[in-house]
Amino acid sequence: MKQSDLLRENADNCLQLAEGAEGQPAFRRYMRMANAWRALANEQDWLDGEVSPLALYRKG
């Protein structure tokens, strides 16, 4: 399994935690964590040469 896939799994786990969060602060925290994991996964794809830097910039 690629490193970026593991990072995306972490993002998915955070999204699941957000769904079950009690209260807005916890929900927002998990959503921020999910977004951060997803950004790391995208950057890892770039580091692995799977996407061009421009593709990351456009996703932004």
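Modeller: Please bear in mind that this model is predicted. The buried residues of α1 pack against α2, which spans residues 24–47.

Biologist: Which residues of α1 are buried?

Modeller: The general idea comes first. An α-helix has 3.6 residues a turn, so residues three or four places apart point the same way. In the present case, the buried residues of α1 are Ser4, Leu7, Arg8, Ala11, Cys14 and Ala18. Because these residues cover an arc of only 110 degrees around the axis, they lie on the same side of α1.

Biologist: Which exposed residues does the face turned away from the buried side of α1 carry?

Modeller: That face of α1 carries Gln16 and Glu19, which are exposed.

Biologist: With which residues is Leu7 in contact, leaving aside its neighbours within four places in sequence?

Modeller: Its contacts beyond those neighbours are Trp37, Leu40, Ala41 and Gln44.

Biologist: I now turn to charged side chains. How many salt bridges does a search of the whole structure find?

Modeller: To read a salt bridge, one looks for a side-chain nitrogen of Lys or Arg within 4 Å of a carboxyl oxygen of Asp or Glu. The search finds three salt bridges. In one of them, Asp45 pairs with Arg8, and the closest N and O atoms are 2.7 Å apart. This pair links distant parts of the chain, since Asp45 belongs to helix α2 and Arg8 to helix α1, 37 residues apart. Asp45 counts as buried because its relative accessibility is 8%.

Biologist: Which residue forms a salt bridge with Asp12?

Modeller: The partner of Asp12 is Arg38, at 3.1 Å from N to O. Asp12 lies in helix α1 and Arg38 in helix α2, so the pair ties together parts that are 26 residues apart in sequence. Asp12 is partly exposed, with a relative accessible area of 37%, and Arg38 also counts as partly exposed, at 28%.

Biologist: Where in the chain are Glu50 and Lys2?

Modeller: The side chains of Glu50 and Lys2 meet in a salt bridge of 2.8 Å, N to O. Glu50 is in the loop between α2 and α3 (53–59), while Lys2 is in the segment before α1, 48 residues away. Glu50 is partly exposed, at 41% relative accessibility; Lys2 is partly exposed as well, at 34%.

Biologist: Finally, what pattern does the protein follow along the sequence?

Modeller: The pattern is α-α-α, with three helices and zero strands. Of the 60 residues, 20% count as buried. The protein exposes about 4500 Å², of which carbon and sulfur atoms supply 54%. Among contacts between residues at least 6 apart in sequence, 44% join residues at least 24 apart.

Note on methods: Residues numbered from 1 in each chain as written. Predicted model: local features only at pLDDT ≥ 70, side-chain atom pairs only at ≥ 80, totals over all residues. Heavy atoms only, no water. Buried < 20%, exposed > 50% of the residue type's maximum accessible area, 1.4 Å probe, protein only. Helix = DSSP H or I, 4+ residues; strand = E, 2+ residues; numbered from the N terminus. Arc of directions from axis to C-beta. Contact = heavy atoms within 4.5 Å. Areas by Shrake-Rupley, 256 points an atom, 1.4 Å probe, with all protein chains shown as cover.
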